[in-house]
Amino acid sequence: MSLIEGTVLLALGLALTYAGMPNAAGVSPRYVRGFVGETFYPLLCTGLVVLGFTTILADALGRM
């Protein structure tokens, strides 16, 4: 993967993390509620952020 793909994955993970945060009343969005949403949505966001960061890091180290 390239630097651009890593940046896109990182940005997507951060955007989904922000979109899934509870509002001021503490209510989560509908797609995050329930067992499946509360279990797998954070794993998806974390996975995208980690994959994006490691892709950027691997690309940067590969260019050295």
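## Helix H2 and its span

Let's start with helix H2, which has 29 residues: at 1.5 Å a residue they should span 42 Å, and the end C-alpha atoms are 42 Å apart, which agrees. The expected span here is 1.5 Å times one less than the number of residues in the helix. H2 takes in residues 34-62. Helices are DSSP runs of H or I with at least four residues, strands are runs of E with at least two, and both are numbered from the N terminus.

A word on the ground rules: this is a predicted model, where local features need pLDDT of at least 70 and side-chain atom pairs count only at pLDDT 80 or more, while totals for chains, interfaces and linings use all residues. Residues are numbered from 1 along each chain as its sequence is written, and side-chain values use heavy atoms, with hydrogens and water left out.

## Overall build

The protein comes to two helices and zero strands. Its radius of gyration is 14 Å, well over the 11 Å that the globule rule gives for 64 residues, so the protein is more spread out than a compact globule. That radius is taken over C-alpha atoms, and the globule rule is 2.2 Å times the number of residues to the power 0.38. Along the principal axes, the C-alpha trace spans about 45 × 20 × 10 Å.

Of the 64 residues, 20% count as buried; buried means under 20% relative accessible area, exposed over 50%, and partly exposed in between (1.4 Å probe, protein chains only). The accessible surface comes to about 4,700 Å², and 75% of that belongs to carbon and sulfur atoms. These areas come from the Shrake-Rupley method with a 1.4 Å probe, and for residues only the protein chains shown count as cover.

## The covered side of H2

Which residues of H2 are buried? They are Gly37, Tyr41, Cys45, Leu48, Gly52, Thr55 and Asp59. An α-helix has 3.6 residues a turn, so residues three or four places apart point the same way. Helix H1 (3-19) is included in what covers the buried residues of H2.

Take Thr55, which counts as buried at 9% relative accessibility. Leaving aside neighbours within four places in sequence, Thr55 is in contact (heavy atoms within 4.5 Å) with Met1, Ser2 and Gly6. Val49, also found in H2, is partly exposed at 22%, and beyond its neighbours within four places it is in contact with Leu10, Gly13 and Leu14. For the whole protein, residues 24 or more positions apart account for 67% of the contacts with a separation of 6 or more.

Asp59 is buried, with a relative accessible area of 15%, whereas Arg63 counts as exposed at 62%.

## A nonpolar patch

Phe35, Val36, Phe40 and Leu43 make a nonpolar surface patch of about 480 Å². Patches are made of residues with over 30% relative accessible area and no salt bridge, with like charges joined within 9 Å and nonpolar side chains (Val, Leu, Ile, Met, Phe, Trp, Tyr) within 5 Å. Phe40 lies in H2.

How values were computed
A salt bridge is a side-chain nitrogen of Lys or Arg within 4 Å of a carboxyl oxygen of Asp or Glu.
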